[in-house]
Amino acid sequence: MASILRLLPGMLALALASAALPARGEPYTADHMLRSESFGAVRITPDERHVLFERRGPYESAERFDLGFLGSWSASEAWIAEPDAPERARPLLDEPDRRGVVLGAFSPSGRRMVVHRLTRERWETGVAELAAGEEVHWLGVGAEPPVKGETTIWRSDEELILVVRTDGDLPYEIGALARAMAQTERRRRITAGGGVAATVWGAGAFAEPRSPSAATTVLRVDLRTGERTILAEGQTQDIALSPDGRWLALLDRGPPVAVDPDVPLRPGDAPEERRLSILDLATGATWSACNGCDVASGLLSWSEDARLLVWARDPSRKPTAGRLLIVDPGERRVETGDLGRLLPEVGETRDASFETVRAAWMGDAPIILAREVEGGRADWRRLEADGPINLTRGLPEPPGPLEAVWSDGLIVVADGAAWAVDDQGRIGRLEAPDRVSSISTLTHWASPRLRLNTPPQRRWTVARAADGSLWRLDVNGSARRIARSAASVRAVAESLAVDRVVANGVETLRLLTPGHPPPTTDDAQPELCRRRLRRTPARDHARRPGGVRGKLAVRPEGRSAAGDARNHYSLSRRIGASPGEPGGVLRHGQRPTVGGTGLCGAHSRPAADRPGRSGRASHRADRRHARRGAGPIPQPRW
């Protein structure tokens with residue numbers, strides 16, 4: 001039974017059936033979910049001439065099934081479309097390079113793009129020439145996925161810097177599940193024979209001099225000549241390039257630290273120090289800044305004059321204990337930002353154990369989100385020689401994350417409005433037709449640093465109004481409507497956006513441009529409208545940490561009742577309310593909605609994107625959001 005692929009007039013490219021449709025009266029089963037298709041990341045080129053997106057094939061067509069969620073990448077294809085002719089979307093690459101491809105970063109001009117390919121035994125990075133059609137140059141190495149930090153950086157259109165695994169094996173984040181399965185089988189054999197299988201973590205006097213993780217190599221690739229230069233070898237997790245292209249900051253894994261007996265030890269996120277070094281790409285010299293201090297992940301921010309902002313952790317390793325350091329590699333000087341008695345605000349990501357301060361540059365001065373007393377209000381503050389300046393004290397509510405920043409100002413969203421704030425704390429409300437909320441287009445592919453401490457360098461932002469419309473808000477006072485309504489926004493540019501709609505079991509990407517109403521998808525796949533999803537006896541796997549149960553609890557029957565959240569359950573996976581709890585929110589496979597028309601119509605109303613949602617707190621917020629019947633959660637987080 002094949003998945004259904006629909007082309008609808010006016011769509012960006014195509015619509016994919018969220019599941020292979022069962023025949024009339026046939027129960028919806030796990031087999032149908034495994035035949036589902038979906039869309040992944042969406043990118044708009046800097047010149048807005050092309051839109052690229054990932055089309056994920058059925059999970060059952062993946063190359064292998066022991067790689068967890070990321071194994072679905074082996075069934076992914078990259079597609080490209082022109083906004084002037086979205087109906088002529090086509091695969092970016094030709095056979096045999098098409099399958100298993102996911103999107104990376106654009107070059108500075110946008111004429112090239114990093115792509116990655118996952119096959120059965122190999123992870124490889126390449127460079128696609130967008131102007132040359134289906135041309136791709138595979139590099140023979142694979143950049144590490146940016147789970148802990150950035151690992152792929154364009155120095156220019158002709159030069160690329162990559163962090164690759166030295167042994168050429170699958171990256172840990174992709175191959176960890178398969179390795180764990182193999183180790184588990186070996187340990188079972190040991191214990192079956194009367195032996196003991198144990199994992200030992202040495203710390204203190206028993207600590208190893210370096211992390212036991214795999215070694216990595218930092219490579220510079222000249223795309224004109226093909227020349228490759230090894231810049232550094234170690235266990236690099238994050239890299240950041242200064243705006244002038246001269247200095248490369250590297251954050252490496254350091255030795256293990258003492259384990260807190262009251263905190264669970266997670267093998268995937270073992271407690272280790274982080275070591276900062278800065279490489280001079282002009283001379284090849286390396287400087288170990290701050291005398292081997294332990295630098296927190298999530299903050300490597302360069303100013304326009306090539307100074308680096310980092311957070312040095314206190315030996316207690318509490319997220320708020322430490323020093324904000326300003327590192328000047330040109331002068332080989334390290335200064336400490338004067339926080340006075342301020343307590344930094346800590347941001348969380350999808351990794352519950354990953355916490356870091358929120359800081360950035362505004363011109364030549366650092367800014368940080370901090371509060372005066374424990375439990376007090378957190379505001380953005382500019383650090384000056386005479387002491388911190390509270391920039392957002394005049395806002396009616398505490399500010400959210402930075403929506404945009406420039407040399408003497410920033411934009412934040414608070415109290416249903418977008419605000420422009422200058423470097424002296426003067427505040428102006430951006431013109432908007434209604435209450436607005438911020439949106440995020442970041443996917444699971446985005447690194448924690450990109451999520452928390454890399455605000456866009458621009459004087460405008462895109463926000464969603466209370467009526468579901470999408471607006472570009474500019475500090476010059478102009479407000480331009482991009483679309484009358486938008487569902488889950490996947491990509492935005494200055495004058496267009498792309499959203500994803502799930503209706504009648506069909507997932508659709510739509511191109512949103514000013515003056516053109518989004519096309520409707522209400523007529524898609526009426527077969528599912530003639531069925532009703534009801535709860536059935538479920539196979540309840542053991543309750544997992546975090547209150548998430550895994551159940552198979554779907555059976556289509558009759559006609560769906562609009563607005564009846566109790567009927568809108570499907571194969572639940574990972575985050576969100578479990579099947580059997582009110583307001584089940586689905587992240588993958590068949591995608592019913594809550595509080596709307598479910599599988600028998602498009603979303604009843606767009607869900608409001610909320611700023612800065614990630615990690616444990618966001619998962620709780622997702623569940624509360626669902627129980628209130630507020631519509632589908634726009635951004636899945638795994």
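Predicted model: local features only at pLDDT ≥ 70, side-chain atom pairs only at ≥ 80, totals over all residues.
Let me begin with the open sheet, in which four strands follow one another in the order S11-S12-S13-S14, with antiparallel pairing. At its edges are strand S11, residues 152-156, and strand S14, residues 228-234, each of which pairs on one side only. If we ignore direction, neighbouring strands of this sheet are turned by 20 degrees against each other on average.

Inside that order, strand S12, which covers residues 159-165, is joined to strand S13, residues 216-222, by seven bridges in the antiparallel sense, and here Arg 165 stands opposite Thr 216 of S13. Thr 216 also stands opposite Gly 234, which belongs to S14, and between S13 and S14 there are six bridges, again in the antiparallel sense.

Is Asp 222 buried or exposed? Its relative accessibility is 16%, and because buried means under 20%, Asp 222 counts as buried. If we leave aside the neighbours within four places in sequence, Asp 222 is in contact with Glu 158 and Glu 227. A polar atom of the Asp 222 side chain also lies 2.9 Å from the backbone nitrogen of Arg 224. As for Ile 161, that residue is 61 residues from Asp 222 in sequence, while the C-alpha to C-alpha distance between the two is 9.1 Å.

Now let me turn to strand S16, residues 247-256, which is mostly covered, with eight of its ten residues buried. Strand S15, residues 236-241, runs antiparallel to S16 and is joined to it by five bridges, and within this pair Ile 239 stands opposite Leu 250 of S16. S15 and S16 also form a hairpin, with five residues between them, and Gly 245 in the turn has a positive phi of about 80 degrees.

S16 is joined as well to strand S17, residues 272-280, by eight bridges, and these two strands run antiparallel. In that pairing, Leu 251 stands opposite Leu 276 of S17.

To close, the points I would keep in view are the open sheet running S11-S12-S13-S14, the buried Asp 222, and the mostly covered strand S16.

How values were computed:
Residues numbered from 1 in each chain as written. Heavy atoms only, no water. Buried < 20%, exposed > 50% of the residue type's maximum accessible area, 1.4 Å probe, protein only. Pairing = 2+ DSSP bridges. Axes fitted to C-alpha atoms, helices over the stretch in contact; angles between N-to-C directions. Contact = heavy atoms within 4.5 Å. Polar contact = N/O pair within 3.5 Å; in protein donor to acceptor, adjacent residues only side chain to side chain.
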